Amino acid sequence: MNEMNEVRKPPVATTGIIGWLRINLFFNWTNSLITLFVIYCLYQFIPWILDWTIFSADFKYNYLGEQITNQEMCSRNLDPENGGACWAVIYVRFYQFIYGFYPKVEVWRVNIAYAMLALALLPLLYAKLPYRKYFLYFTYIFPVIAYFLLNGGLGFTEVSTNKWGGLLVTLVLGCTGIALAFPIGIMLALGRRSKLPVISMMCTLFIEFIRGVPLITLLFFGMVMLPLFLPEGIDMDGLVRVLVAVTLFQSAYMAEVIRGGLQAIPPGQYEAAKSLGMSYWRMNLLIILPQAIRISIPPIVNTSIGLFKDTTLVIIVGILDLLGIGRGTLADTNWLGLSYEIYFFVSLVFFIFTFGMSRYSLYLEKKLKTGINMGAD
Amino acid sequence: MRSNLGFFSDEKFRSIFFQTLVVGLFALGLFFVISTTSYNLEKRNIATGWSFLQNPAGFDISFSPFLEFKSTDTHLKVYFVGVLNTLLVSITGCIAATILGFILGIVRLSSNWLLSRLVYIYVEFSRNVPLLLQIILWYSILIQLPRVKQSLQVLDVFYISNRGLYSPRPIFESGFSYVLIAIVLALISSFLINRWAKKRQDKTGQQFPVFSSSIGLIFIVPLILFFILGSPLSFEHPELKGFNFKGGLVIRPEFIAMFLALSIYTAAFISEIVRAGIMSVSKGQREASAAIGLKQTWIMRLIIIPQALRVIVPPLTSQYLNLTKNSSLGIAVGYADLVHGFGGISLNQTGQAIECMAIVMATYLSISLTISFFMNIYNRSIQFKEK
């Protein structure tokens, strides 16, 4: 028995920091080599990028302490040896990036609209908000308020849409596109699943046509062809024409996502609703759609992210969104050659919005998984 | 009890009534649009019809690798150049995105925490920044490369400058067609060998070195033939003359920017699809195949990948479709694809917006349908076959 009591080595640690490092970074020889190589690359790269973006960058003043008003005054153009990014261009043009060419006297209206947008989104994003019902009423009337605030009318001076630009246009396009595409998408999805052959065929053709062509052709359609289709005297605003194209595009994608949700509803739900004597619309509005939309919220958010990124395409038809203002600034001789700074800033703004939305969709997915169980029993 | 609306509660009647109503409204709308459009066209003196396709274009296209294009060529030729350029960037982009996406998807699942985090950061950044911005960014990097006179030289034969990448152009001499025939024959015979070896293994369990014999057939046999025929292939090297290179093969920065942006952007999506696909294969499959003594590489190739592909292929198809449609963004950097060449310049010159847009849309629809068709066939071939 004594031989059995030989001292055995304790097992290699698998917990704690050392255990974690061992499992995740130094599991075996190749793994350790890869880890060391990656650390070496990061060691080379990170100080350089930090130095360029922060430590030797100009924010408002160059290294001589002068306030920067054009690209020649950037540290890196005065002395190529030191000096990193020249963020002063963002500082000087910040107003344009956020509001476009909106008159400065009226800019408070845009600020109020931005604040109201946040308030309107709150009950949509956060289901447990106290007094959510009243907040939702505000959400429903927000588009009307925003229209008069931004465009003018009802006592506000009119600001024509060709003065809008930057983040304002990006948000207007994104939000309006998503908000309008939602009901149209629901109708198209119901239409495609309809038992009436003509309606189902028309909806299917519309959806497949829109999904088969690139957004840019639809934008061209809105810009060049739409004016030809309308009778004389009806002169459509450029932004509205683009909005029509964006909404058509988004509603086809929205329809497919909602159709996916509709398909996941067990047939028992339809049968139960019908056996209670509900009409088609009642059944859909009260029983089917609430469940279908609930399960399709994550993909709805995902297509919305896609649309938000795709709004940049409007620069091709001459509308100045955030990216358009960036390109416009680059074409200005005062700020020539600062493309990395400008594109970095525009990317960052888009990243903040889209990454936030994708995190939100992940959170919803997790919540839905632990929430109701859509069993077919 | 029958109410006076009785005929309206009849489902059959109602369905016919609503459908007729919809068709009627649609026809009315169509009639209205057509009549106002023809009135508007007449008023603005815009020609209609397809005869403009035969008119000379009057502009140059800088990038047309397959067709020789002169400014006296017709708009129809602009269309063909555009289609070829769209297909070129789409096909090369799809191939590169698939390879990069599969590698990244597998690396993302690697047990090395640092490596998988790095791929995660890449995926999040490239998915969340608009593609158009990425295309413009790549282009602005490429045109900041040194001028032609100071172009970077790689391996003594490639020249990289802000005018693009110059490389030697292969010139095929008379005997080269035999080498091509040999390659095709080798491909067919290795395919047949593969089938035969599979059949034999199913029957007798004996294995045949399919991979090495195919490599031998495809590469070595044509290579020997190539030297026997006296190397019927020469290269035309680019030479610096004046302000630009003469001769050689040139790949324009517009194409490179489109190619890089499209493949890097789409690879991020594909890597997530691949990751989800591999994770969908249950752990038991891997354990079971390890238990019967399969090698690690074989587990991946024979057990995991075939099952993961069932999950991967449908969303992969939609990524290919997206990439093809996204190739229309070439207009932002002046890549002469279908939208920029035909839908942009030709449209502006002729003013025939309806005809041009109809052609462009129809072409994209047919490309999309073709991709879906072939990917559906492939998808059916890898799904579960119930015996």
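Two strands pair if DSSP finds at least two bridges between them; strands (E, at least two residues) and helices (H or I, at least four) are DSSP runs numbered from the N terminus. This is a predicted model, in which local features need pLDDT of at least 70, side-chain atom pairs count only at pLDDT 80 or more, and totals for chains, interfaces and linings use all residues. Residues are numbered from 1 along each chain as its sequence is written, while chains are lettered from A and ligands numbered from 1 in the order in which they are written.

**Exercise 1.** Describe the open sheet of four strands in chain B.

*Solution.* Step 1: the strand order is E1-E2-E3-E8, with antiparallel pairing. Step 2: E1 (152–154) and E8 (249–251) of chain B are the edge strands, each pairing on one side only. Step 3: E1(B) pairs with E2 (158–161) of chain B over three bridges in the antiparallel sense. Within E2(B), Tyr159(B) stands opposite Gln153(B).

**Exercise 2.** Determine which residues of chain A touch chain B, and which helix of chain A gives the most.

*Solution.* Step 1: residues are in contact if their C-beta atoms, placed from the backbone, lie within 7 Å. Step 2: chain A brings 38 residues to the contact and chain B brings 41 residues. Step 3: helices H2 (29–55), H9 (197–212), H10 (215–229) and H16 (339–370) of chain A each supply at least two residues to this side of chain A. H16(A) gives the most, with nine residues. Step 4: by class, the side of chain A has 27 nonpolar, ten polar and one charged. Here Ala, Val, Leu, Ile, Met, Phe, Trp, Tyr, Cys and Pro count as nonpolar, Asp, Glu, Lys and Arg as charged, and the others, Gly among them, as polar.

Notes:
Contact = placed C-beta atoms within 7 Å.
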